[in-house]
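This briefing goes through one structure by topic. Please have the sequence and the 3D view open while reading.

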Amino acid sequence: MPYDYQLVGGTVLVILSLVGITNAMVERRSPLFGIIAFFMGVGLLVWGWLLSGWQMNPSDLPAAVYRLIAEWK
C-alpha cells in the first residue's frame, strides 16, 4: 500500500514524542522539540490517511509494519 511509510513513521514519531514530552516535563525542561515531533507525526498520519482515501483504520498498522519488514528484506 502506498501509505505504509507514513502510517508507521507517524506512529513511531507520535509515540517517541510523547515519551520526550513527558521526560522534558519531569526534568523541568522545555518540551518544544517533543511538541514539534508530535505535530510532525500527526502530519504524517494525516498524510497517510489522505493517501488511503480516508479508509485507514487503526487495525491497518500491524499489516503495514509487516509489509515494510517484508519489503526491507
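**Contacts and core**

Leu7 touches Leu45, Met56, Asp60, Leu61 and Ala64, not counting residues up to four places away in sequence. The model is a predicted one.

*Nonpolar core*

- The largest nonpolar core has 6 residues in all: Tyr3, Leu7, Val8, Met56, Ala64 and Leu68.
- At least two residues of this core come from α1, and at least two from α3 (60–72).
- Among the contacts of Leu7, Met56 and Ala64 are also members of the core.
- Val8 is part of helix α1.
- Val8 has a relative accessibility of 17% and therefore counts as buried, the cut-off being under 20%.
- Leaving aside neighbours within four places in sequence, Val8 is in contact with Leu61, Ala64, Val65 and Leu68.
- Val8 and Ser52 are 44 residues apart along the chain, and their C-alpha atoms are separated by 14 Å.
- In soluble globular proteins, nonpolar side chains tend to be buried together.

*Helix α2*

- Helix α2 covers residues 32–51, which is 20 residues.
- At 1.5 Å a residue, α2 should span 28 Å; the end C-alpha atoms are 29 Å apart, so the two values agree.
- Which residues of α2 are buried? They are Gly34, Ala37, Gly41 and Gly48.
- Seen down the axis of α2, these buried residues fall within an arc of 65°, so they line one face of the helix.
- An α-helix has 3.6 residues a turn, so residues three or four places apart point the same way.
- The cover over the buried residues of α2 includes α1 (4–26).

*Aromatic pairs*

- How many aromatic pairs does the structure hold? There are 2.
- Phe38 and Phe39 form an edge-to-face pair, at 5.7 Å centre to centre with 70° between the planes.
- Phe38 is partly exposed, because its relative accessible area is 25% and that class lies between 20% and 50%.
- Phe39 has a relative accessibility of 55%, so this residue counts as exposed, the cut-off being over 50%.
- Trp49 and Trp54 also form an edge-to-face pair, at 6.4 Å centre to centre with 65° between the planes.
- Trp49 counts as partly exposed at 37% relative accessibility.
- Trp54 is exposed, with a relative accessible area of 58%.

*Loops and positive phi*

- Arg28 is found in the loop between α1 and α2.
- The phi of Arg28 is near 55°, which is positive in a residue other than glycine.
- Is Arg28 buried or exposed? At 78% relative accessibility, Arg28 counts as exposed.
- Just after α2, Gly53 takes a positive phi of about 75°.
- Trp54 lies in the loop between α2 and α3.
- Although Trp54 is not a glycine, this residue has a positive phi of about 60°.

Technical notes:
Residues numbered from 1 in each chain as written. Predicted model: local features only at pLDDT ≥ 70, side-chain atom pairs only at ≥ 80, totals over all residues. Heavy atoms only, no water. Helix = DSSP H or I, 4+ residues; strand = E, 2+ residues; numbered from the N terminus. Expected span 1.5 Å × (residues − 1). Buried < 20%, exposed > 50% of the residue type's maximum accessible area, 1.4 Å probe, protein only. Arc of directions from axis to C-beta. Contact = heavy atoms within 4.5 Å. Core = buried A, V, L, I, M, F, W, Y, C linked by side-chain atoms within 4.5 Å. Phe/Tyr/Trp six-rings, centres within 6.5 Å; stacked < 30°, edge-to-face > 60°.
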